[in-house]
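Here is a walk through a multi-chain model, chain by chain and then across the contacts. Keep the 3D view open while you read.

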Amino acid sequence: MTAQRWLVSLKTIVLYVLLLVFLTPFLIIIMNSFKTTEQFVDNPLSLPQGLTLDNYTSAWDSMNFWDGFMNSLTITVLSVLVILLFSSMTGYLFVRFKWRVNGWLFFAMLASLALPFQVLMIPLVMLYGNLGLLDSKAILIFMYAGFGVPFGVFTFHGFIKGIPYELEESAFMEGSSRVHTFFRIVLPLLKPVFVTLIVLDVLWIWNDYLLPSLVLLSPDYRTLPLSTYNFFSSYSVDFSPLMAGLIMTIIPVLVMYLFLQKQIIKGITEGALK
Amino acid sequence: MTRKQWMRNTGIFLLFGGPSVIAFMAVVVIPFVVGLYLTFTNWDVNTGDSSLVGLANYKQVWLDTVFWQQLWFTLRYVFCTVVLANVAAFFIALALTGGRRGEQWLRTGFFTPNLIGGIVLGYLWQTLFSQVLPYLGEKYGWSLFATSWLTDTDKAFWALVIVTAWQLIGYLMIIYIAGFAGVPGDILEAANMDGASRMAIIRKIMLPLTVPAIVICIFVSLSRSFLTYDINLALTKGGPFNSTELATYHIVQKAFLSNEYGVGQAEAVVLFAVVAIVALTQSYLLKRLEVES
Amino acid sequence: MLKKVAPWLALLLILSLLAACSQGKGKSGASSDANGEVKLTFFNTSAEVNSVFEKLFETYHEQNPKVTIELIPTPIGGAQLEKFQSLLASNNPPTISNLDPGTILQYKDKFLDLDSEKSKYEGLTKAGAVENALLDGKFLGIPWTAQGYGLLYNKRAVEEAIGGTFDPASIKTRDDLEALFQKIQAAGKAPVMLHGADWSLGAHYLGLTYSLQSKDVDTNLKFVKGLEDGTQSLANNAAFNGLMDTFDVLKKYNARSKDPLTADYNKDSSDFAKGNAAFYFMGDWTWAVIGSLQGRDQDFGVIPVPISNNPADYGNTQIAYSEPKLLAIDNSGSSPAQQEAAKKFIEWLVTSDQGQKAIVSDMGLALPYKDVKVKSTNVISNAVNEYVDQEKTINIGVINYLPQDYWAKTGASMQKYLANVIDRQGLIDEVQAYWKSQAGK
């Protein structure tokens, strides 16, 4: 028994050491967001000399933070809602109806996850640009839906398979429609998957740089990652305000993650998926 | 099939699949077909001209020995990254689903690398590898870190693997955690107990039950590491002397810097074929495992 | 009933939200409308001066309320050409583009021929500035900045090491340079900082090979063509061997010789500025990093990279000088009104007090125009200008005609040479192989 207890604490120690390794780069960011770029270049490990918020205020101004934040928020929230709704329904369709067309579509979506974005980049801007459809948040959200649905379908497909069909059958017996059954019976069971996908998709869209840089041309539409351009020059990076900007950018998603994580745990303890 | 049933099925398809399929077609499939078409033409943005040139671009791909070297390099990189990230993520996730106190903070901690986008992350690690570690190496006489990892061909490879895995682990961890949600609590408890039968429990009960999560995780880590671009760009810039150019990096350089758009695009199609074959084969194999168990 | 309707309501809500945010603007790219308001877009590849440009656009808008200019910053991580091509492919060309001359040349059909403006700018600019900006004989881009590079020196560091005043003109040959390096090293200081990035080694250092063939761009270009078809070789080329012999000296006395490819631009520049290395192979653009450093030294200068032991050889008393960026106006999707407004803005940029002040003092760049009232605070650029005024410059115009990837590919070979992975012969083989692969493209 003592040996076992010793093992448990060893495991805890290993976990925390590993955690420290994981967090080191993060700590360096926080520490250096209070220093000047010059001090950072000199020695990234030196401690800040005081708690100056200069980097934060200058990042706030130069990123036009509030506007960028609102743009990022609208785009991320709407895109994720659309992706989750679309892909959960389609995932369900693909599991419950083994039609040939569904098989092909599922295969195509799966394969598209292996598609390098660079193949699509030029044709995408060419098509949408010549139709005059670029430079709109709605089109960007639509594109996120197109790019995000395959992974969503793939994930939901995997988990819906594990839900016994009997649950739905009994609902049908009571005269419930297909749509109603999906939203009332199946969706609630998928809560942990939803939460997981929300986290993954929010992070992807919140931090994405390339796609919005191609689609959103007006300065008014800039998202937070697009707003960091002032910190990058051709050969070097202005680290300090960048790090301050970075911290301000990730605080909202960190808060979201902490909040949703409780949901994940709840899902686990309830054993929602059996 | 009766007409009425057919109508009903079409309705179901349009309702459940319609929006997804439209978005998927408009954003992924059609641009892909256009892109595929471009590989058979001599299109470039400058002339806008696109006359058919047959397989000329693919012949160039075949002759581009650097591309094949880099594809091999990419395969090695993907293999190491996928194995490292999945093994670590599986065990961390397992250790963090026992319902003990402090777990929530640990999970958040392991996940934080994902909060930062790839480019910034790459720059940060670049500073770590080229400044911080050599500084510490010199101070404490660790010969492993005496020089920057990024200026040595082999060490730069491992730097890429470590940074990618470092970010992927947290990502995969939460998928595994969601997957463990399907495992009955008493089994989880048993797996977390440190007894002699622990590995057996993991192998015989946990693994089969978490196959969906494993399939997803391996698939995700495969496609993500195959398509790594940002980290490559910011961390090593393909250096030292182009020895760490991953396939996507090479493709972008080819298409936009060397201005051979058709060849770059054709190489991207080849890469897509390779990734698709690898990823689909592994999920097919794992699925069979799932059926058998 | 409500339960049945709820999912549909949710769907409807999302769709209406989507519609709502698409109503923002239709096509908000560059456009102009009936009441004379013009909107221009400005594609900027000089990322370090984005914010200065943005302020200038505001100032210009205040003075000319009908003209609005939007900055299109280039993507982080240097994917500038990708972004530019995607703008062209999507039919959203920027009205004004600040690009490398080579890029302008590559897309020359997309840009407006500024022949009608040529004589005006010839009058405004310093001698040769317009001529050096011509691409295939055409005036496609207006020069607005000039840069020079060579061996920068930190005056205090050099003088402390040699124990007396340093006369830059005393270094006329490779042996002079090596003797000086020896003294500096003996004094316990690192003689020279060699930045190990591919752009520095491939474009700026090895690139001199092509420019040093003769004083004439066409002859230099013929030499490159000769490398492509194999009629020229590097092995017995005087300029190449001279440069590489000097490179061996720089390599030997390199402050980063322990790990030469680390190439941290901020770190290398600030170490030089603080006197941790006496010389630095770099150009006046590095002032963007050095200028604002705390505790840096004050006096800096520049000397040519000596390529032989004969002081009279071309290159031993001249420094490389060029107009690295030109402003080109789009001719593939912009209206005549936009083009006119763009011309006016560019003229304002290079001639008005505000424009000149922004370029010279805020950006710290040299402006190759005659009537510049603002005095630059860029010490290195002022040192470069002394060479320009004495016409002691190397015309590196040939690089405008080289393929866009030459610096990355040959820079990688130079990195191998610097890290002792390949020897001189290996370098020659790789560089020549690159040029041969370019034949007929």
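Of the 441 residues of chain C, 52% count as buried, where buried means that 20 or more other C-beta atoms, placed from the backbone, lie within 10 Å of the residue's own, exposed means 12 or fewer, and partly exposed is in between. This is a predicted model, in which local features need pLDDT of at least 70 and side-chain atom pairs count only at pLDDT 80 or more, while totals for chains, interfaces and linings use all residues. Residues are numbered from 1 along each chain as its sequence is written, with chains lettered from A and ligands numbered from 1 in the order in which they are written.

Chain C has 19 helices and 11 strands; helices (H or I, at least four residues) and strands (E, at least two) are DSSP runs, numbered from the N terminus. Its radius of gyration is 25 Å, close to the 22 Å that the globule rule gives for 441 residues, so chain C is as compact as a globular protein of that length. That radius is taken over C-alpha atoms, and the rule is 2.2 Å times the number of residues to the power 0.38.

Here is how chains B and C line up. Contact means that the C-beta atoms of two residues, placed from the backbone, lie within 7 Å.

| Property | Chain B | Chain C |
|---|---|---|
| Helices and strands | 12 helices, zero strands | 19 helices, 11 strands |
| Box along the principal axes | roughly 80 × 70 × 30 Å | about 90 × 55 × 50 Å |
| Buried residues | 54% of 293 residues | 52% of 441 residues |
| Contacts at least 6 apart in sequence that join residues at least 24 apart | 70% | 76% |

Now zoom in on strand E10 (residues 326-329) of chain C. Strand E3 (residues 96-99) of chain C runs antiparallel to E10(C), joined by four bridges, and C:Ser97 has C:Ala328 as its bridge partner. Strand E4 (residues 141-143) of chain C pairs with E10(C) over three bridges, again antiparallel, with C:Ile142 opposite C:Leu327.

Chain C is split into domain 1 (38-146 + 323-371) and domain 2 (148-322 + 396-437), with bounds from an automatic or database domain assignment. The centres of the two domains, taken over C-alpha atoms, are 29 Å apart. Each domain puts 12 residues into the contact. On the domain 1 side, helix H4 (residues 101-106) of chain C gives the most, with four residues. That side divides into six nonpolar, four polar and two charged residues; Ala, Val, Leu, Ile, Met, Phe, Trp, Tyr, Cys and Pro count as nonpolar, Asp, Glu, Lys and Arg as charged, and the others, Gly among them, as polar.

On to chains A and B: 76 residues of chain A are in contact with 76 residues of chain B. Elements giving two or more residues to the chain A side include helix H1 (2-32), helix H4 (65-96) and helix H12 (239-270) of chain A. By class, the chain A side has 58 nonpolar, 15 polar and three charged residues.

An unreviewed UniProt entry annotates "transmembrane region" in chain A, including residues 73-95 and 138-160; UniProt positions are in the numbering used here, feature names are shortened, and annotations may be inferred rather than shown by experiment. In the model, residues 73-95 of chain A are 100% helix, with end C-alpha atoms 32 Å apart. Residues 138-160 of chain A are also 100% helix, with end C-alpha atoms 30 Å apart.

Conventions. Pairing = 2+ DSSP bridges.
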